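Student: Could you show me how to read a few features of a protein model, going slowly from the general idea to the particular case?

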Amino acid sequence: MICIKSNKEIEKMRKAGQLTAGALKAAGEALRPGMTTHELDKVVEKFILSHGAKPGFKGYGGFPAAACISVNDEVIHGIPGGRKIMEGDIVSVDTGAFVDGYHGDSCMTFACGKISDDVQALLDSTEQSLYEAIKMVKPGVRIGDIGAAIQKYNEDRGFSVVREYCGHGLGRDLHEDPEVPNYGKAGHGVRLQAGMVICIEPMINMGGAGIKVMPDGWTVKTLDGKWSAHFEHTIAVTQDGCVILSKL
């Protein structure tokens, strides 16, 4: 069931989204070669807690940390730990603040120091495809239109789209209807309407689209070992378009 949010609910979600954005900004500013993914997670958690919110991911389905931190060939759901982040790595930080009964959710992939041109192209394509999709969001647009836009943008640049994971609705629960795939056929799927809040989150690989779940039951890696990027925003559909809730 798709939950339509009132203006009051969307304002609460804007607060959660802004705190989420602030946590990601803090993570990006703290990132440095030699720090562990656990240390980076603690930066995120400290920021969220210091602003009177709770880490929405911590304990969700048993996840043990405030942020999913995925490095290089890790696509999503990386568990923070003792791994050291090195110069030239890319680090996806996916997190959410939970405040006043509502969730925020956003992700950015950061470069640690200088990265190669082809990896930078992956980050640029993934992030820009998110904004290409956001440009389309308004009442009457279908979910398939969003996925088709993301898919075309990235495949035109030689990258591949992860199929097994997707965006989703957001609100009182971290995952609500509808699912928002990063591929699809224009003109198909659920029709957007004002008051819907969705997370759009392209997960894009340099190589093939294949993925595998690691023995920890959480971490998802590319099947071919090539690197992956992930960007996400929370979007509220308005009467005449949309607004990004997960930005400062």
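Predicted model: local features only at pLDDT ≥ 70, side-chain atom pairs only at ≥ 80, totals over all residues.

Student: Which residues does UniProt list for "binding site"?

Tutor: The UniProt entry, which is unreviewed, lists H77 and H175 under that heading, and both H77 and H175 belong to the lining of the largest pocket.

Student: Is H77 buried, partly exposed or exposed?

Tutor: Buried means under 20% relative accessible area and exposed means over 50%, so H77, at 22%, counts as partly exposed. Setting aside residues up to four places away in sequence, H77 touches several residues, including F63, Y165 and W218.

Student: Where does H175 lie, and which residues is H175 in contact with?

Tutor: H175 is found in the loop between β9 (167–169) and β10 (176–180), and it counts as partly exposed at 44% relative accessibility. Apart from its neighbours within four places in sequence, H175 is in contact with Y60, H168 and G169, and with the side chain of Y60 the side chain of H175 makes a polar contact at 3.0 Å.

Student: How many disulfides are there?

Tutor: A disulfide needs two cysteine sulfur atoms within 2.5 Å, and by this rule the count is zero. For C3, the nearest cysteine sulfur, that of C199, is 13 Å away.

Technical notes. Residues numbered from 1 in each chain as written. Heavy atoms only, no water. UniProt positions renumbered as here; feature names shortened; annotations may be inferred. 1 Å grid on protein atoms, 1.4 Å probe; cavity = no way out; pocket = protein on both sides within 12 Å on 5 of 7 lines; lining within 4 Å. Buried < 20%, exposed > 50% of the residue type's maximum accessible area, 1.4 Å probe, protein only. Contact = heavy atoms within 4.5 Å. Helix = DSSP H or I, 4+ residues; strand = E, 2+ residues; numbered from the N terminus. Polar contact = N/O pair within 3.5 Å; in protein donor to acceptor, adjacent residues only side chain to side chain.
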